[in-house]
Amino acid sequence: MARFRTYNEVLEPTGAKVPEQVRAQLERLARRFSAIRHTVIVASGKGGVGKSAISANLAAALAAEGRRVGAADADLNGPSLARMLAASTAPLAVSPNGVAPAVGVAGVRVVSMDLLLAADAPVRWRDPGHAGFVWQSTLETGALREFLADVDWGALDLLIVDAPPGTDKLQRLLSLVPRPSAVLLVTTPSETARHVVARSISLLRAAGVPRLALAANMAGYRCPACGRTEPLFAADGARRLAAATGVPLWAELPFDPAIAASTDVGRPIVLEPAGSPAADALRALTRRLLTELREVDP
Amino acid sequence: MKFLCIGCDTVMDFTERQLPGDGTFAAVFSCARCGREVAMLANPMETQLVASLGVRIGGRTLAEQPMELVRQQLAEGRDDAFVEPAPASRGAIRWSDDARQRLANVPGFVRGMVKRIYSDYAAERGISLITPEVMDRARADLGLEGM
Ligand SMILES: Nc1ncnc2c1ncn2[C@@H]1O[C@H](COP(=O)(O)OP(=O)(O)OP(=O)(O)O)[C@@H](O)[C@H]1O
Ligand SMILES: [Mg+2]
Ligand SMILES: [Zn+2]
């Protein structure tokens, strides 16, 4: 058998220029992040716990106090941030600098799959060989990279990234956002949520993410008739999780139908004048975030 | 992937890319010492795998466009999701009827980008009439499968 050099023994360039192009993609991503002071990922691992509602409220609250805020909807297959922030549906302007984000409530700059898809269309990728599942995750990672790197975010004080459910998706997101200023893990007091979020904590710690925090959502239900707050879940998973892992609990947010109603109409409840315990708790969470990021004095 | 000319112990250089338009692509590599040429022929799945990475075998002659991957690969994008900048006054570039027809068949979601890319390609080469042949050449040069 002829002996010839192996792949790793061949060091000369081939002219195919593939590694160069991948490097260029990552450089573009890094350049974009260099104009963003803080990237904050709102994640969980668990679905339906309020990641998007909390992302929308954080983004709106921060923008309303004059900060330059971007909101990236990393949930490609279940996008909801554009609606929750009432982002404009006008066509996105393309320039050599990138795609201009849509503008939402309080001036939040928003990018979401929702803005790109035909009405009610699911995310489907071109599929010449009817084997789309083979490259689906490659395409999703690429799409996410473009949402971050190819958007003309401008200079931002904060970029809020709304993560999709699933710890695998969180890992993918981290490969594109390797140094978030903070990851806020949304959980509920339920035992199921506690177990899933514990896995996310392990994953994030292994990845070396420096600032992890918990937000316990739906931590109680305030009866509109009598005004008493009762627990919504029998368990106290969020506090137990915080105690067991040492991840600080930054907020306990009550269940309040007004949170759902307000995000449904694209006007996050934090924008309403003080008064509701839910809005107050979300504003307190916003303060806590800024304090931890040393953007305000404690 | 690298191609080694065994007899010459020389890495073959990328020389040319061809996109016949049937979802496949070919890349030609040649040995600078003995002149031998090989064509790598990729089936539609292999072609799609490379495209999914957002790279072009042989490199790019045109910088990566903003959100190029999403625009090329998303199957059901909104027709008016993007607006392209108004074209720079680049003389009078005309489109032949059949070229125009072919452009009309490109999904609206990505048509603006495709139109601008072809117009820029023509302008850079002093081509005043865009025909399907020009589009074919541009597609191979630029590595635009499926456009
Ligand atoms: N504290 C709350 N009180 C009442 N409704 C809430 C609360 N938090 C979230 N909701 C509502 O619950 C629904 C699910 O929340 P949301 O979409 O934010 O969850 P998610 O974690 O982003 O879900 P997914 O995993 O599907 O992305 C939404 O309609 C939201 O407005
Ligand atoms: Mg969500
Ligand atoms: Zn040779």
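**Figure 1. Order of elements in chain B of the predicted model.** From the N terminus on, the elements of chain B follow the order β-β-β-β-β-α-α-β-β-α-α-β-α. The chain thus holds five helices and eight strands, where helices (H or I, at least four residues) and strands (E, at least two) are DSSP runs numbered from the N terminus. Its C-alpha atoms fill a box of roughly 55 × 35 × 25 Å along the principal axes. This is a predicted model, in which local features need pLDDT of at least 70 and side-chain atom pairs count only at pLDDT 80 or more, whereas totals for chains, interfaces and linings use all residues. Residues are numbered from 1 along each chain as its sequence is written, chains are lettered from A and ligands numbered from 1 in the order in which they are written, and side-chain values use heavy atoms, with hydrogens and water left out.

**Figure 2. The open three-stranded sheet of chain B.** The strand order is β3-β4-β5 (chain B), with antiparallel pairing; two strands pair if DSSP finds at least two bridges between them. The edge strands, β3 (13-18) and β5 (37-42) of chain B, each pair on one side only. From one strand to the next, the twist averages 25 degrees. Five bridges link β3(B) to β4 (residues 25-30) of chain B in the antiparallel sense. B:Gln18 has B:Ala26 of β4(B) as its bridge partner. Helix α1 (residues 44-52) of chain B packs on this sheet and touches β4 and β5 of chain B, its direction making about 90 degrees with that of β5(B). Contact here means heavy atoms within 4.5 Å; axes are lines fitted to C-alpha atoms, for helices over the stretch in contact, and angles run from 0 to 180 degrees between N-to-C directions.

**Figure 3. The open eight-stranded sheet of chain A.** Pairing is mixed, and the order is β5-β6-β2-β7-β1-β8-β9-β12 (chain A). At the edges lie β5 (102-103) and β12 (249-252) of chain A, each pairing on one side only. Strands β2 (residues 69-73) and β6 (residues 109-111) of chain A run parallel and are joined by three bridges. A:Gly70 stands opposite A:Arg109 in β6(A). Helix α2(A) packs on the sheet, touching β1 (36-43), β2, β7 (156-162) and β8 (182-187) of chain A, and its direction makes about 170 degrees with that of β7(A).

**Figure 4. Surroundings of ligand 1.** The ligand is surrounded by 18 residues, the closest being A:Gly48, A:Lys51, A:Ser52, A:Ala53 and A:Asn217; a residue is near if one of its heavy atoms lies within 4 Å. Helices α2 (51-64) and α8 (257-264) of chain A each supply at least two residues of this shell. A backbone N or O atom of A:Gly48 lies 2.8 Å from an oxygen atom of ligand 1. A side-chain N or O atom of A:Asn217 is 2.8 Å from a nitrogen atom of the ligand, and a polar backbone atom of A:Asp256 is 2.9 Å from a nitrogen atom of the ligand. The protein covers 81% of the 630 Å² of accessible area that ligand 1 has on its own, by the Shrake-Rupley method with a 1.4 Å probe.

Methods. A polar contact is a pair of N or O atoms within 3.5 Å; within protein, one must be able to donate a hydrogen and the other to accept it, and residues adjacent in sequence count only if both atoms are side-chain atoms.
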